[in-house]
Amino acid sequence: MAHNSFQLAASGGHIFLVSNQTFLSSPDATSIIDKLGYGTAIHPENTVFTPAPSASTSMERKAFYFSGLSAMSSTHAPYGNSYDSDNNAADFILRSSPEPQNSTSPTERCCTTVEGALTLQGRADSSGIQVLMWPGSGLRIDTDSDGHFSIPDVPAFASADTSAYTVEATFPGYLSAKTSLDLTSAPLPTAVTYSALRLLAGDLNGDNRVNIFDLAIIGGQYGSAGSLTGDVNGDGKVNIQDLSLASGNFGQDSSQYTWSP
Ligand SMILES: [Ca+2]
Ligand SMILES: [Ca+2]
Ligand SMILES: [Ca+2]
Ligand SMILES: [Ca+2]
């Protein structure tokens, strides 16, 4: 028997995405993967979407959490419709100018993978270099032993206010690298790959330049063993190799890096 409250009407209705073809007898069936309730619907996902669309308007899923009506009709249009916070009221907008699409429409992609490879001067193991992107959440990863990093699901726009990201790679004792990354040219590729970069050794006090203060740290620990700040190459002792690495980069700062996709 059909469930009255599952109807699709102008004033309100439900759309259920289900995992099988078994008749749906409950709005809480475990086969329901996602759902939309609009207008007068009584089984929405979290909060119902209102108002119900008219004959000339449509509901459209947002591209990003900060995609408003204006953005979905213009700047965010090439970036798909994949935002899903499990709240119908927050995930959709009402379009006064519907733009239905199908498989012949241009590909739309919300997000991409940002990847690349970094190495550490004077070390065979390049793991543990932290790569961080902001603004955004969860856009952070450490390199593997080959220095490779891969950050998945990076949205085309960094935030409501800022289109471009800042990308920074840091490792203790090394000059960090920082770039600006704009992903807003459509269509967004599946991956954006940074050129390889070797981080220069010797910034032991973290002020992003190699100078006398860094050499003083090595001098103060010279001949010692253990987990020490002055151990530039990470071999467990502070000696001529560390001094040689740092003094070879004397006067350098991160402005001489060229790091871009
Ligand atoms: Ca679309
Ligand atoms: Ca949903
Ligand atoms: Ca320094
Ligand atoms: Ca060392």
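Reply: The largest nonpolar core has 42 residues, and Ile-129, Tyr-174 and Leu-199 touch the most other members. A nonpolar core here is a set of buried Ala, Val, Leu, Ile, Met, Phe, Trp, Tyr and Cys residues joined through C-beta atoms within 7 Å. Buried means that 20 or more other C-beta atoms lie within 10 Å of a residue's own (exposed is 12 or fewer, partly exposed is in between), with C-beta atoms placed from the backbone. Two or more residues each come from β4 (92-95), β5 (111-120), β8 (148-155), β9 (165-170), α3 (212-221) and α4 (240-248). These helices (H or I, at least four residues) and strands (E, at least two) are DSSP runs, numbered from the N terminus.

This is a predicted model: local features need pLDDT of at least 70, side-chain atom pairs count only at pLDDT 80 or more, and totals for chains, interfaces and linings use all residues. Residues are numbered from 1 along each chain as its sequence is written, while chains are lettered from A and ligands numbered from 1 in the order in which they are written.

Now zoom in on Leu-199. Leaving aside residues up to four places away in sequence, Leu-199 touches, among others, Leu-118, Ile-129, Phe-171 and Tyr-174; contact means C-beta atoms, placed from the backbone, within 7 Å.

Next, look at α4, where Asp-242, Leu-245 and Ala-246 are buried. Seen down the helix axis, the buried residues of α4 fall within an arc of 90° (taken from the directions from the axis to the C-beta atoms), so they line one face of the helix. Their cover includes β14 (201-203) and α3.

Key: Two residues are in contact if their C-beta atoms, placed from the backbone, lie within 7 Å.
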